[in-house]
Amino acid sequence: MKALSALAQSVQASTTITIDTKFKKMRADGIDVIGFGMGEPDFPTPEHIKQAGIRAIQENQTKYTPTPGTLAVRQAVCKRMLEDWGVSYTPEEVTVTGGAKHILYTVLKTLVNPGDEVILPAPYWVSYYELIKMVGGVPVVVTTKEENGLKMTAEELKGVITPKTKALILNNPSNPTGMMYSKAALEAIAAICVEEDLYVVSDEIYGKLTFDGQIYTSFASLGEEIKRRTILVNGVSKTYAMTGWRIGFAAGDTSIIKVVNNYLSHCMSGTSAISQAAATEAFLGSQEEIEKMRQTFEERRNYMYGRMNAIPGVHAVRPEATFYMLMNLDEMIGKTLYGKEIHNADDFAEVFLEKGLVAVIPCTGFGAPNYVRWSFAVSMDNIKAGLDRLEKFLAEA
């Protein structure tokens, strides 16, 4: 047979899915393992949102919908963004599709020509790097420093821009770091993007899961010049515990969204009518349950950070948002644990799962080979048990 696409074969499987698959197999085999891997809230979808989905079925809202999404859900997106971030969009500037990952791919397909460079601060969400490659782009990685809060500075951005640079992907708050850019830092980055005429794909899906009373700033709120160049990406998965409903959206200038919709009309047609009805309720209905979830995540963050940093040889990075925490492995690199030399996060995660019976995500595929990611979107009982196992695992190594 003839060779498969070289571009397709260059795409690597997601490391988050790889470790989770191994964890689930061990659990299915009856092994007592605890998972801190996949980025998924452990709460049920709020009842009023579920009921909206049920009503949609009962009312026979089961037909095709317009490619950009129903008018109702796009109006709801506009209302939520205005109330939460002070960013004003019209329904014509919004498109809704089957999850934020899908809309990210389509936005990049709209913006990037083969050979265009896309700047990506590291640590980055594992799929960004592969998505850039999948559309023929060239990832240009900016490795951030822990002393700078694992955030890209304006100077670091300026230093990697070339005539081939087309766009910047900015995930704020960040998966996997849990860090959040201040308004001043965003303004400095925005000024460079306007000066250099760069597009910005601003993934803001964790924007409502912030801690310590910090005020979140949407990148698109920083002025009309940067708003025209920004494609804001968000969804319902993380904030509303709706990962399985598969609803994401993009908001941006109509000239960009029109092309996104043209593309979607051939590769997607439309998004689930039932999920759109539920998402409409999520955006327009009570936000009380969302705040309760956020508070619970903050309580778990506080416990995990304090407990983890009390374990000898362990250094955690204190997240400002999301439900992720990075554990720095610098003190373990080069050591041998249970007969295995630790060269990077992949090695640590493998032996920790096999011998410690705890699944964490190695950040090698996130551009951070000396870190593993713990999710605290799990119960407090599991957090305590998992950290007990970490302490025992290291003490007996």
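These entries record what I looked up about aromatic rings in this predicted model.

**Conventions.** I number residues from 1 along each chain as its sequence is written.

**Aromatic pairs.** I paired rings of Phe, Tyr and Trp (its six-membered ring) if their centres lie within 6.5 Å, calling planes under 30 degrees apart stacked, over 60 edge-to-face and the rest tilted. I looked up tyrosine 124 and tyrosine 129: the pair is stacked because the ring centres are 5.8 Å apart and the planes stand at 15 degrees.

For burial I took under 20% relative accessible area as buried, over 50% as exposed and anything in between as partly exposed (1.4 Å probe, protein chains only). Tyrosine 124 is buried at 8%, and tyrosine 129 is partly exposed at 27%.

I then turned to tyrosine 206 and tyrosine 324, an edge-to-face pair with 5.6 Å between centres and 75 degrees between planes. Both of these tyrosines are buried.

**Cluster.** I noted one aromatic cluster formed by Phe36, Tyr338, Phe348, Phe352, Trp374 and Phe393.

**Charges over rings.** I counted a charge as over a ring if NZ of Lys or CZ of Arg is within 6 Å of the ring centre and within 35 degrees of the ring normal. Lysine 227 lies over the face of tyrosine 89, 4.5 Å from the ring centre. I also recorded arginine 318, whose charged end sits over the ring of tyrosine 305 at 6.0 Å from its centre.

Methods: This is a predicted model: local features need pLDDT of at least 70, side-chain atom pairs count only at pLDDT 80 or more; totals for chains, interfaces and linings use all residues. Side-chain values use heavy atoms; hydrogens and water are left out.
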